[in-house]
Amino acid sequence: MSNIRPIRHNEIDLIHFLLLQLNLNPSDYPVSDEVDEYEGGKMGSISLGGNVDAYDGDLIQAEYVDSDGTPVVITLTRDNQNHLLDLDFWKVDFSKLIDYPRPDQLIFTKTAD
């Protein structure tokens, strides 16, 4: 089921921060005013409007520890047209995300080639 809603400021801030970690200009990767929440927003994952059938890899991945002590893996992906595809959150125990991460709370694990 689709759950379209306006993008939140903290989501835009996080996306821009991740792009800047790759030395990419956020203005080269426009973000839609509306996003589609996955799983009803349980873990925080959103579709950014790229072509879901044209996944072309992860741009960057980071980790975050939610306020309950559970690790969360955050991945920004792109499609084959170099458009942003998803901001994906995976909380390792599959529980609901409690606190949305701030950029200064991220731990970087790897970047895509």
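Predicted model: local features only at pLDDT ≥ 70, side-chain atom pairs only at ≥ 80, totals over all residues.

Student: Why does Phe94 count as partly exposed?

Tutor: Its relative accessibility is 47%. Buried means under 20%, and exposed means over 50%. The value for Phe94 falls in between, so Phe94 counts as partly exposed.

Student: Which residue follows helix 1 with a positive phi?

Tutor: Asn23 follows helix 1, and its phi is near 60 degrees. Asn23 is not a glycine either. Its place is in the loop between helix 1 and strand 2 (34-37).

Student: Why is Asn23 called exposed?

Tutor: Asn23 has a relative accessible area of 74%. The cut-off for exposed is over 50%. The value passes that cut-off, so Asn23 is exposed.

Student: How far is Asn25 from Asp104?

Tutor: In sequence, Asn25 and Asp104 are 79 residues apart. In space, they are 19 Å apart, C-alpha to C-alpha.

Student: Now Val35 in strand 2. Is Val35 buried or exposed?

Tutor: Val35 is buried, because its relative accessible area is 1% and the cut-off is under 20%. Val35 and Asp79 are 44 residues apart in sequence and 16 Å apart in space, C-alpha to C-alpha.

Student: How much of the chain counts as buried?

Tutor: Of the 113 residues, 41% count as buried.

Student: Which residues of helix 1 are buried?

Tutor: They are Glu11, Leu14, Ile15, Leu18 and Leu19.

Student: What puts them on the same side of helix 1?

Tutor: They cover an arc of only 135 degrees around the axis, which puts them on the same side. An α-helix has 3.6 residues a turn, so residues three or four places apart point the same way.

Student: How do you know that the span of helix 1 agrees with its number of residues?

Tutor: Helix 1 has 13 residues, 9-21. At 1.5 Å a residue, they should span 18 Å. The end C-alpha atoms are 18 Å apart, so the two values agree.

Student: What elements does the whole chain have?

Tutor: The chain has one helix and seven strands. From the N terminus on, they run β-α-β-β-β-β-β-β.

Student: How do you know that the chain agrees with a compact globule?

Tutor: With 113 residues, a compact globule would have a radius of gyration near 13 Å. The chain has 13 Å, so the value agrees. Its C-alpha atoms fill a box of roughly 35 × 35 × 25 Å along the principal axes.

Student: What volume does the largest pocket have?

Tutor: About 160 Å³. Of the 15 residues that line the largest pocket, the closest to its centre are Arg8, Gly41, Gly44, Leu97 and Tyr100.

Student: How do the lining residues divide?

Tutor: The lining has four nonpolar, four polar and seven charged residues.

Terms used. Residues numbered from 1 in each chain as written. Heavy atoms only, no water. Helix = DSSP H or I, 4+ residues; strand = E, 2+ residues; numbered from the N terminus. Expected span 1.5 Å × (residues − 1). Buried < 20%, exposed > 50% of the residue type's maximum accessible area, 1.4 Å probe, protein only. Arc of directions from axis to C-beta. 1 Å grid on protein atoms, 1.4 Å probe; cavity = no way out; pocket = protein on both sides within 12 Å on 5 of 7 lines; lining within 4 Å. Points joined across faces, edges and corners; volume = space filled by probe spheres on them. Nonpolar A, V, L, I, M, F, W, Y, C, P; charged D, E, K, R; others polar. Rg over C-alpha atoms; globule rule 2.2 N^0.38 Å.
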